[in-house]
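Take a moment with the sequence and the model before reading on. The paragraphs below go from one residue to its partners, and then out to the whole chain and its copy.

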2 protein chains.
Amino acid sequence: MSRAVFYHAGCPVCVSAEQTIADHLNEEVEKVHLGEQSKRIEEAEQSGVKSVPALVIDGQVFHINHGAALSALK
Amino acid sequence: MSRAVFYHAGCPVCVSAEQTIADHLNEEVEKVHLGEQSKRIEEAEQSGVKSVPALVIDGQVFHINHGAALSALK
């Protein structure tokens, strides 16, 4: 079973990407708002996330468009 | 019926993204290698694609990671 996590920060770029991408993926996507769940920033960083919105599928990171750098959320 | 097109240029970043993203989308994805199908660069540009790999779903562009600028393919 693969695991998909969508990290975002509530920005317009993020929300637009989130809705469309999540709608079209054939599996459940956990959505993590790093602005509200700052404790998970470290987990995102360890997965290789550099900016949001980002999608992590089975440990592979996809930076989608560019909303904000992760460093801006700390 | 939504339409998904994945534009790429055969680069390692593109191929990796292509396989994973296409595998996880719940619809057929047309894959367009712009290095081999340069006639479709104009179509990609008109869709708003600036770099590859990029995924266009229902006219919405998602630039995924960054392989190459579209201008480098001309």
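Does B:Glu30 count as buried, partly exposed or exposed? B:Glu30 counts as partly exposed, because its relative accessibility is 31%. Keep in mind that this is a predicted model.

Start with the partner of B:Glu30. The side chains of B:Glu30 and B:Arg40 meet in a salt bridge, at 2.7 Å from N to O. B:Glu30 sits in strand E2 of chain B, and B:Arg40 lies in the loop between strand E2 (29-33) and helix H2 (41-47), so the pair ties together parts that are 10 residues apart in sequence. B:Arg40 has a relative accessibility of 17%. The cut-off for buried is under 20%, and B:Arg40 therefore counts as buried.

B:Arg40 also has a salt bridge to B:Glu43, with 3.0 Å from N to O. B:Glu43 is partly exposed, at 28% relative accessibility.

Now turn to chain A. A:Arg40 forms a salt bridge with A:Glu30, and the closest N and O atoms are 2.8 Å apart. A:Glu30 belongs to strand E2 of chain A, while A:Arg40 is in the loop between strand E2 (29-33) and helix H2 (41-47), so this pair too links parts 10 residues apart in sequence. A:Arg40 is buried, with 18% relative accessibility. A:Glu30 is partly exposed, with a relative accessible area of 31%. Over all chains, the count comes to 10 salt bridges.

Go next to a histidine in chain B. B:His8 is found in strand E1, which covers residues 4-8. B:His8 has a relative accessible area of 8%, so it is buried. What lies 3.0 Å from a polar atom of the side chain of B:His8? It is the backbone nitrogen of B:Gly10.

Chain A has two helices and four strands. Along the sequence they follow the pattern β-α-β-α-β-β. The C-alpha atoms fill a box of roughly 30 × 25 × 20 Å along the principal axes. A compact globule of 74 residues would have a radius of gyration near 11 Å, and chain A agrees because its value is 11 Å.

How much of chain A is buried? Of its 74 residues, 50% count as buried. Consider also the contacts in chain A with a separation of 6 or more: residues 24 or more positions apart account for 57% of them. The accessible surface of chain A comes to about 3,800 Å², and 47% of that surface belongs to carbon and sulfur atoms.

Finally, look at how the two chains are related. Two copies of a chain are related by a rotation about an axis and a shift along it. Why can the copies be said to meet through the same surface? Because 100% of the interface residues of chain B are also interface residues in chain A.

Notes: Residues numbered from 1 in each chain as written. Chains lettered and ligands numbered in written order. Predicted model: local features only at pLDDT ≥ 70, side-chain atom pairs only at ≥ 80, totals over all residues. Heavy atoms only, no water. Buried < 20%, exposed > 50% of the residue type's maximum accessible area, 1.4 Å probe, protein only. Polar contact = N/O pair within 3.5 Å; in protein donor to acceptor, adjacent residues only side chain to side chain. Salt bridge = Lys/Arg side-chain N within 4 Å of Asp/Glu carboxyl O. Contact = heavy atoms within 4.5 Å. Rg over C-alpha atoms; globule rule 2.2 N^0.38 Å. Areas by Shrake-Rupley, 256 points an atom, 1.4 Å probe, with all protein chains shown as cover.
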